[in-house]
Every structure is written in structure tokens, then in C-alpha cells.
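Good morning, and thank you for coming.

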Amino acid sequence: MAIDVSEDVDHATDALGGSVADIDARRVVRGLGGLLAFLLVWTGASLTQPSYVLPSPLVVAETFVAQAASGEMFVALGNSVLHWIPGAVFGTGLGVAAGIALAWSPYLDDVTSPVVRVLRPVPPLALIGFAIAWFGINHAGAAFIIAVGAFWINFYATYGGVEGVSEDLLDVARSLGVEGDLALIRTVVVPASLPEITTGMRTGIGRCWMLVVASEIFGVAGIGRRILRASNNLQVDVVITYILVLSLMYLVVDVAFRAFQRRALAWR
Amino acid sequence: MAVETPRVRVEGIGKRFEGTNGPVQALEGVTFDVADGEFVCIVGPSGCGKTTLFRIIAGLEPATTGRVVLDGDRVDGPSTDLGLVFQEYHLFPWRTVAGNVGFGLERDGVATTERERRVRELLELVGLDGFADAYPRDLSGGMKQRVALARALAVDPGLLLMDEPFGAVDAQTKKLLQDELLDIWRETGKTILFVTHDVEEAVKLADRVVVMAKEPGRLREVIDVDVERPRERSDDGFGATYQRLLDLI
């Protein structure tokens with residue numbers, strides 16, 4: 001049987017190809033201009049201050065190279081990564097799982113709601129005592145602090161996403177033979193709320209880099225420890241150097257995750 | 001027509017809602033049969049409970065009284081015996097056209113090659129061969145509805161339930177889709193229950209038309225459409241049936 005498909009598929013994006021490149025180029029130029037202006041203002045300000053208040057960008061650059069050359073930077077980074085990764089992985093995994101479970105099951109939601117409300121406002125830093133008592137002054141203790149931060153962001157993002165899954169899609173899936181909570185979650189709930197889940201992951205990953213500093217406050221080695229030690233010694237150039245390392249790590253991981261997210265959500 | 005057990009029996013369906021101003025009787029005593037391979041349309045004014053009736057027959061909502069029996073079994077929830085097509089398509093946006101059509105075939109141990117073959121057949125049936133890898137966001141309304149139809153047909157349901165499926169597309173596409181649906185109905189021999197508010201659509205498509213009235217939503221009359229297919233507005237009997245339905249509504 002032959003049927004005419006008279007309607008056409010949209011190719012809205014193709015026609016815009018040339019101008020999109022132009023816009024990108026303009027944005028890059030503007031961004032570089034802004035960065036240059038920032039460095040100029042910084043340099044100007046540093047001329048009026050002693051270097052233990054604000055070193056110039058040039059001094060920071062020299063320190064950065066020296067820290068990298070001596071290998072100290074990579075040791076600190078390696079240490080931080082050793083609790084950043086397990087903290088981010090466990091916090092994200094548990095947060096997403098709990099978000100799905102509680103948004104899906106009204107029973108679980110009712111049961112856990114009082115506890116969730118009590119625990120939610122506790123800042124990860126307030127849990128340092130537990131981190132030391134339960135895990136010790138080591139990667140596991142620092143990972144615990146990081147995981148707590150990642151957990152809540154992922155929990156709420158996932159919870160919101162799952163709550164928003166269309167009842168109609170679930171009805172359609174049931175009428176196509178999907179039976180049981182786990183099967184519905186796997187075939188409909190997770191893919192349908194993937195935009196919210198991955199946005200939560202992305203926010204959480206960034207938060208984890210910030211928490212690296214907090215998680216090392218009680219003595220675990222890493223970038224945060226290095227920043228705290230340099231602060232005590234008024235080595236502001238070293239402080240800025242390691243802040244830059246954190247920013248760069250965040251940037252690298254965020255760009256990589258965004259690429260993954262764009263692929264996973266190609267259907268949007 | 002030979003005496004046989006109907007494919008679907010809708011028996012004394014009633015539905016009460018607890019509204020803010022006390023209980024509302026949305027449906028009362030709706031009873032009719034649909035024979036195997038029959039095309040039945042349900043028409044009625046807005047507020048007559050058509051969509052509620054659709055949801056009850058589909059097993060998506062319980063009735064307050066009465067029951068729906070499909071092939072001898074009481075309907076107590078959605079199942080692969082009931083293929084659903086909605087006005088708003090409800091495609092899985094994260095799946096391609098082929099992924100949507102094949103969704104219901106990913107269980108029951110259907111082998112991958114068999115599934116792919118079925119999906120190809122169905123896409124050809126609804127005229128979407130060549131669009132297997134497109135995502136729903138790239139499709140027009142008419143194409144989305146073809147995907148939804150193919151997806152519902154994939155699991156070979158005993159009854160195809162359609163709720164105003166062509167209500168969201170332009171007039172030209174609507175006519176095209178109606179003709180295609182009749183072709184597919186003839187080709188597959190499916191039993192179809194089709195809800196619409198469009199009287200002309202009902203006369204064009206149905207073997208019989210179930211006419212509903214409102215307050216409370218109830219069955220007014222069941223009208224046979226005795227017009228040879230393919231039907232045109234100018235055909236003998238088309239205008240008369242159309243007028244009769246309009247008078248009833």
C-alpha cells in the first residue's frame with residue numbers, strides 16, 4: 001500500500017549554519033576582550049598593593065609554572081581527585097536513586113519526608129565530625145563530605161524530573177505491555193526525566209569541586225589543603241594558583257559532561 | 001450478520017466524580033456492543049463524557065458501575081489487548097520512530113530480527129518508511145499520529161481505541177489520515193472504537209455510530225451508517241445520516 005507523505009520534515013537548523021559560525025566567532029572575540037580587560041584591571045590594582053595582598057597576574061603565572069614544574073601541583077591534584085571521584089560517584093548515584101524512589105512511591109515519600117526535611121538544610125561542612133569519626137582523616141572521610149553535597153543536588157533534580165513524567169506516557173507504556181514498577185522506571189521514567197537528571201549531575205559535579213576545599217579542611221591532603229596552607233602563610237600567589245587549578249578542573253570536567261549530555265539528549 | 005459473541009461489551013457503565021459542588025454523574029448506564037472487525041464511532045457534545053468512557057474502556061480509569069468485557073474477559077487495567085491512540089500522540093520523545101513503533105515488541109522474547117522486520121512492515125503500512133531514524137520532534141502532527149497508530153498496532157491488540165486522534169491536525173491532513181485509517185482497517189481487519197466530536201468524521205468512517213447525550217453522559221442512540229465506502233459528502237445517504245446525527249446531538 002502506498003501512502004503519500006505530503007508533510008515535510010523540519011530542517012530549521014540547516015539554513016542557519018553560516019550565521020551560527022559568525023555568532024560563535026563574535027562571542028569568542030568578546031570573551032577574549034573581557035578576559036583581557038579583567039587582567040588589565042587586576043594588574044593595575046596589584047601595582048597599588050603589596051604582593052601579599054594582591055600579586056600581579058604575571059607573578060601568579062610564574063608561581064603556577066613553578067608549582068607545575070616541581071610536581072607539587074600534580075600531587076595535590078592527584079590527592080584531590082582520589083576523593084573527588086568516589087565522592088561524586090557515590091553522591092550522584094545515591095542521590096539519583098533516592099530521587100527516583102521517593103518521587104515514584106508516595107508511600108516511601110511519606111515515610112521519609114520528615115527525615116529528609118530535617119537533614120536537607122545541614123551543610124556538608126557541619127558533618128566533618130562524622131566524617132572523621134566514621135571514616136577518619138583520609139580520602140574516604142573527604143569523599144563523604146563531597147558525596148553529601150552531590151547527594152542533595154542530584155536528589156532534588158531527579159525528584160523534580162520524575163514527578164514531571166507524563167502520566168499519559170506511563171499509560172501508553174502499560175498498554176504496550178510494560179508491567180511493574182521497575183520495568184516502568186527503566187523504560188519510561190528514567191529516559192523521560194533524563195534532562196533533569198543530567199542537569200542535576202552537572203550542577204552536582206561543579207559543587208563537588210567547590211567541596212574539595214571544604215572536605216580537606218580537617219587535614220586530608222589535596223588542592224584544598226594546599227590553598228588553606230598557603231593562606232596561613234600569606235602566599236596569595238599560591239592560593240590563586242590552586243584556585244586556578246580548581247577552575248581548570250571544573251572547566252574540563254564540565255565541558256566533557258556537557259558533551260555527554262548533548263549526546264544523551266540528542267532527541268530534544 | 002451471523003450471531004456471534006461481540007468483541008467488546010460495554011455493560012451499564014456509570015461514573016461518578018466527587019466534584020467541588022458535590023458528586024457529578026459523568027456517565028450513566030452506557031451499554032453497547034462492538035462486533036469483531038467493526039468500526040464504531042462514539043460522538044456527542046462536549047461534556048457528554050466521551051473521554052471518560054474512552055478511559056474506562058481502555059482500563060485507565062475504573063467505572064463506578066458496570067463493566068467492560070473484551071473477548072470474554074473483564075477489562076481491569078491497560079493491557080496489550082487494548083491499543084491506544086490519543087489526540088496528543090504521546091510518543092516517547094527520546095526514541096526514534098522505529099524505537100517508538102518497536103517499544104511494545106521489546107518484551108515477550110521477540111527476537112531482534114523479527115522485531116526489526118515487524119517495525120519495517122508497520123512503517124510501510126502507515127507510510128513512514130524512510131523515517132525510521134527520525135525523532136518525534138522532527139515530525140509533523142500527521143506523521144506523529146501515524147507513528148502512534150503503528151506503535152499501537154505493533155502488539156496486535158484485539159481492540160484499537162482512538163480518542164479524537166485527528167483533532168489536532170489541519171483539515172487536509174485529517175482527510176488524508178481518515179482515508180489511510182480506513183485502508184489500514186480493511187487491511188488488518190482490526191476492531192476499532194473511535195471517539196470524535198466531528199459528526200462528519202463519524203459518518204465517513206463508522207459502520208455504526210454511538211450517539212451520546214450529556215447531563216448525565218448517557219447513550220442516546222446507536223445509528224447504522226448504510227453508505228457504500230469510499231464515502232463522499234455528496235453520496236446518497238451521507239447527508240441524511242449526517243443530518244440525523246446532528247439532530248440527535
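**A helix, its strands and the chain interface**

In helix α5 of chain B, the buried residues are B:Thr173, B:Lys174, B:Leu177, B:Gln178, B:Glu180, B:Leu181, B:Leu182, B:Ile184 and B:Trp185. Buried here means under 20% relative accessible area, exposed means over 50%, and partly exposed lies in between, with a 1.4 Å probe and protein chains only. Helices (H or I, at least four residues) and strands (E, at least two) are DSSP runs, numbered from the N terminus.

Two remarks on the source. This is a predicted model, in which local features need pLDDT of at least 70 and side-chain atom pairs count only at pLDDT 80 or more, while totals for chains, interfaces and linings use all residues. Residues are numbered from 1 along each chain as its sequence is written, chains are lettered from A and ligands numbered from 1 in the order in which they are written, and side-chain values use heavy atoms, leaving out hydrogens and water.

To return to α5(B): the helix spans residues 171-188. Its 18 residues reach 25 Å from the first C-alpha to the last, close to the 26 Å expected at 1.5 Å a residue; the expected span is 1.5 Å times one less than the number of residues. Against what do its buried residues pack? They pack against β3 (39-43), α3 (112-125), α4 (141-154), β7, β8 and α6 (199-205) of chain B, where contact means heavy atoms within 4.5 Å. After the helix comes B:Gly189, with a positive phi near 65°.

Right-handed means that, with the strands pointing away from the viewer, the path from the first strand over the helix to the second runs clockwise.

Strand β7(B), residues 159-163, is mostly covered, with five of its five residues buried. B:Leu159, B:Leu161 and B:Asp163 point one way from the strand, while B:Leu160 and B:Met162 point the other way. On one pairing, five bridges join β7(B) to β6 (residues 82-86) of chain B in parallel, and B:Val85 stands opposite B:Met162. In another, five bridges join β7(B) to β8 (residues 191-195), again running parallel, with B:Asp163 opposite B:Val195. Two strands are taken to pair if DSSP finds at least two bridges between them.

Next, the charged pairs. Side chains of opposite charge can pair when their charged atoms come close. The rule for a salt bridge is a side-chain nitrogen of Lys or Arg within 4 Å of a carboxyl oxygen of Asp or Glu. The side chains of B:Asp198 and B:Lys174 meet in this way at 2.8 Å, N to O. That pair links distant parts of the chain, 24 residues apart: B:Asp198 is in the loop between β8 and α6 of chain B, and B:Lys174 is in α5(B). B:Lys174 is buried, at a relative accessible area of 17%.

How do the two chains meet? Contacts involve 37 residues of chain B and 25 residues of chain A. Together the chains bury about 2,700 Å², 67% of it on carbon and sulfur atoms; buried area is the accessible area (1.4 Å probe) that two parts lose on being put together, summed over both.

How many salt bridges does the rule find across this interface? It finds one. The side chains of A:Asp171 and B:Arg55 meet at 3.7 Å, N to O. A:Asp171 lies in helix α7 of chain A and B:Arg55 in helix α1 (residues 50-57) of chain B, so the pair joins two chains. A:Asp171 is buried, with a relative accessible area of 6%. Both residues belong to a network of salt bridges that also links A:Arg174, B:Lys15 and B:Glu61.

Finally, a pair within chain A. The side chains of A:Arg202 and A:Asp254 form a salt bridge at 2.9 Å, N to O. A:Arg202 lies in helix α9 and A:Asp254 in helix α11 (residues 236-264), so the pair ties together parts that are 52 residues apart in sequence. A:Arg202 is partly exposed at 26% relative accessibility, whereas A:Asp254 is buried at 11%. Over all chains, a search of the whole structure finds 27 salt bridges.
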